[in-house]
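Please keep the sequence and the structure in view while reading.

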Amino acid sequence: MKPRTVDKIATGIIMAVAGFIILLLAGFLSYIIIRGFGHISFDFLTSPPQTFREGGGIGPQLFNSLFLLVLTMIITIPLGLGAGIYMSEYAKPGRLTDFIRLTVEVLSSFPSIVVGLFGLLVFVNVFEFGFSLFSGALALTVFNLPLMVRITEQGLRSVPREQKEASLALGISKWKTITSVMLPMAVPVILTGTILASGRVFGEAAALLFTAGMSSPRLDFTNWNPLDPTSPLNPFRPAETLAVHIWKINSEGVAPDAREIAAGASAVLVMTVLSFNLIARWLGRMVYRKFTSSR
Amino acid sequence: MKKSLMFVMSIVLVFTLAACGGNNGGTAGGNNSTNGTNEGAGTNTNTGAGNEGTDAAADLSGSYLATGSSALQPLVDQAAQMFMEKNSGVTIQVQGGGSGTGLAQVSEGQANIGNSDVFAEEKLDADKAAELKDHQVAVVAMAAVVNPEVTVDNLTKQQLVDIFTGTITNWSEVGGADQKIVIVNRPASSGTRATFEKYALGTKAEDLQGMIQEDSSGTVKKLVGETPGAIGYLALSYLDDTVKTVKYEGVEATEENVANGTYPVWAYEHMYTKGEPDAALQAFLDYMVSDEVQNGVVVELGYIPVSKMQITRDIDGNVTNK
Amino acid sequence: MARSVEREKRSKHLVEEWVGRVYTLICVGLLVLTIFSMVYFVASKGLSTFFRDGVNPIDLFTGVKWAPESEPPLFGALPFIVGSFSTSILAALIAAPLGFCAAVFIVELMPKFGRKVLQPVIELLAGIPSVVYGFVGLSVIVPFFRDIFPGQGLGLAAGGVVLSIMILPTITTIATDALAALPSGLKEGSYALGSTRWQTIYRIVLPTTLPALLTGIVLGIARAFGEALAVQMVIGNAPHIPRSLFESASTLTSAITLSMGNTIMGTAHNNALWTLALILLTMTFVFVFIVRWLERRSKV
């Protein structure tokens with residue numbers, strides 16, 4: 001066969017595969033969204049689930065997912081920033097730094113089920129936090145932290161060296177340089193990365209089955225005292241997130257409309273994660289433009 | 001930037017401190033009735049007004065945790081919410097996690113109630129099980145179910161044993177069409193499987209090559225309903241037209257047949273406490289067996305009320321008439 | 001006066017510097033502590049199967065019968081190990097060519113459309129929760145396989161297909177980066193010599209980017225290996241080594257999720273599940289080392 005013919009065939013195959021992937025993805029996404037979209041309503045998004053009657057919603061689960069995300073980020077961001085700053089600014093090349101880098105890499109590739117089991121053993125049983133939002137947030141921190149470290153490192157690396165050196169030359173201390181010159185400049189990269197990481201936290205279920213629990217106790221949305229057990233803000237109550245809820249009603253749902261609820265909840269979950277992605281992209285592009293046009 | 005960092009850190013610190021405070025109360029022991037986080041006892045306004053089966057004069061308060069069987073969870077959860085509406089000083093949290101988790105946690109004092117599908121003696125060591133007090137709150141019956149296209153509608157005990165141990169592999173051997181039998185079983189650790197093996201088969205089932213194992217009733221129902229030639233077993237509450245229920249030794253799985261003892265495949269739903277429960281917990285457990293719950297939520301969820309049972313059965317399977 | 005101001009300033013700097021150093025060091029310390037405690041706790045639980053319950057490690061790794069509740073209990077974990085490896089390798093076999101084609105499409109064939117549409121959409125896949133994959137797998141792929149292949153639809157094949165969609169983003173992203181990072185002189189030289197596009201891709205691009213492509217594949221396998229819920233929903237969970245791709249099987253993760261809640265901490269059955277978790281943990285280390293080795297080779 002002539003090379004030219006082979007080239008045409010190969011190009012055709014690659015085009016076909018790419019087309020197949022696009023069709024597959026489009027089908028996949030629209031399957032989830034179209035199936036569930038009809039079930040989504042304001043009532044569905046706000047009302048509590050029903051165990052055995054029709055018409056249950058996902059209100060508390062949606063709130064739990066968001067609240068857990070906030071809690072996780074409150075713990076992850078300061079730790080991740082700190083460790084990221086150390087890795088990119090303070091760490092001297094050597095065995096120790098290599099070792100820490102390896103740790104970050106291993107930690108980020110641990111299966112989430114193992115992280116969940118570790119959470120069950122340590123946070124739930126040893127520290128006796130019980131099945132709670134707090135245990136869940138700590139477990140999510142474990143596998144979100146390495147991501148955050150990497151994002152921070154990337155962000156700090158993106159800062160031009162001149163900026164950093166100018167600041168140091170002015171006699172400003174290294175720490176001050178990092179926090180008031182470099183970090184603000186790294187914000188776009190860090191922010192985008194953080195939002196993408198949030199999407200991952202939002203959809204995680206395996207690590208939460210054994211840490212945040214699979215039940216959602218009665219919540220009183222008028223009670224905002226974080227110490228009261230029925231308050232939605234109490235971090236020490238068990239909480240079922242949206243992803244866990246889908247897992248549960250798929251497997252144990254007794255409500256007659258369980259399948260529609262699962263479809264609706266899946267659509268909500270996917271759309272939320274998609275919007276996280278889109279916001280991150282949009283934000284990244286906007287900040288990038290602002291930086292490049294003003295400078 | 002530094003300020004916001006410090007701010008975030010201090011929030012973390014506050015949460016951590018709150019964690020320690022909250023937990024000292026919550027996990028102190030088996031009979032803790034008040035918890036550091038529960039300050040609501042004094043503002044209890046409507047005790048006694050609608051307290052059937054409880055001591056109307058008692059000013060009940062406390063914060064409790066019930067964990068365990070995910071099958072029992074909806075029932076306890078619903079009853080707990082109704083109970084809490086009547087006794088605003090009491091907070092009861094209900095969690096799943098499986099019978100094993102529930103029994104272990106109540107035995108170690110991490111939970112006040114352990115919900116279980118099986119007797120504690122079947123999961124825990126004898127000395128640990130002896131410390132626990134059994135409260136039987138409902139009866140759950142199970143039936144063998146098959147794909148709607150399977151023509152067989154009755155199976156004997158021996159036929160079931162043969163199917164679940166792999167001796168019979170084709171429906172034609174038990175009077176059906178010439179079709180391969182697909183078994184949808186539960187994992188070896190499942191309480192539902194333990195009940196089915198004990199009362200329907202009388203022996204252990206085999207984990208056969210090619211069989212499907214699912215822990216959750218919803219998935220079992222879906223798979224049995226969709227897969228040609230499938231057989232599985234479900235609690236009565238899960239039955240509907242997507243699967244076909246078969247008779248056991250010619251007896252139909254109905255509430256009356258369970259209650260009068262002719263249909264043997266059923267188990268108690270247990271709520272275990274470590275030692276004697278305190279007043280508020282006792283009130284809740286009494287409420288669980290009151291007519292309001294037994295004829296209400298219990299029936300609605302597809303369980304059989306304990307009060308309806310004309311017989312009792314102990315852990316060894318000895319049946320006595322009430 | 002001036003000197004004291006100077007000194008004050010310097011000491012303030014010193015304090016600041018120390019606060020920064022200590023704070024970041026604590027953060028890193030926590031990170032390292034986490035991983036050590038993780039290995040310690042999982043190992044102490046997982047190893048007690050051998051030390052306390054007296055299970056022979058050789059029996060566990062080579063035994064084919066998993067019957068933890070029988071008398072005497074048998075803990076043969078080989079079916080799970082085989083299941084985990086075969087599903088994740090199958091997933092990689094499906095996803096790797098797809099990912100490579102997508103990367104070629106994005107970088108070489110239609111960069112504009114590829115970068116603007118295909119790449120973002122594939123990356124979106126990475127954000128979709130695994131529960132949703134399992135849900136779609138159970139309601140679409142399983143019935144589909146049941147209709148066209150012998151068997152019940154559940155099995156290694158269904159697990160592999162669901163996982164391949166999940167790891168497609170990982171493989172595609174890394175392949176795209178590798179292709180894009182190729183020096184353009186290399187390709188132009190090849191074109192200048194009269195090679196067609198396919199010849200260039202096949203003879204120049206593929207060999208030079210191979211280590212990076214392999215890194216992507218190994219990372220994909222690592223992710224597939226640790227995935228729990230989606231796999232458990234579609235694989236069937238029979239504790240046996242399957243005889244065909246369409247027969248019910250189990251993986252390490254599906255065995256853990258299936259039984260963890262039903263067993264009691266400290267019992268032999270529960271400890272055996274922790275041993276499975278320990279195997280998962282160890283495999284993570286192995287995968288990370290393979291990736292590092294490949295990365296070192298691609299740098300040379």
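This is a predicted model: local features need pLDDT of at least 70, side-chain atom pairs count only at pLDDT 80 or more; totals for chains, interfaces and linings use all residues.

Residues are numbered from 1 along each chain as its sequence is written, chains are lettered from A and ligands numbered from 1 in the order in which they are written, and side-chain values use heavy atoms, with hydrogens and water left out.

The model as a whole scores ipTM 0.83 and pTM 0.84.

| Chain | Mean pLDDT | Residues at 70 or more |
|---|---|---|
| Chain B | 78 | 82% |

Over residues 1–57 of chain B, pLDDT stays under 50. For this stretch the model has 81 contacts (heavy atoms within 4.5 Å) beyond four places in sequence.

In chain A, helix H5 (residues 112–126) packs against helix H6 (residues 133–157) at an angle of about 135°, their axes being 9 Å apart. Helices are DSSP runs (H or I) of at least four residues, numbered from the N terminus; axes are lines fitted to C-alpha atoms, for helices over the stretch in contact, and angles run from 0 to 180 degrees between N-to-C directions. H5(A) is therefore oblique to H6(A), given that angles under 35 degrees count as roughly parallel, over 145 as roughly antiparallel, 65 to 115 as roughly perpendicular and the rest as oblique. Among the residues making the contact are A:Phe118 of H5(A) and A:Leu138 of H6(A).

How values were computed: pLDDT is the predictor's confidence in each residue, from 0 to 100. Helices (H or I, at least four residues) and strands (E, at least two) are DSSP runs, numbered from the N terminus.
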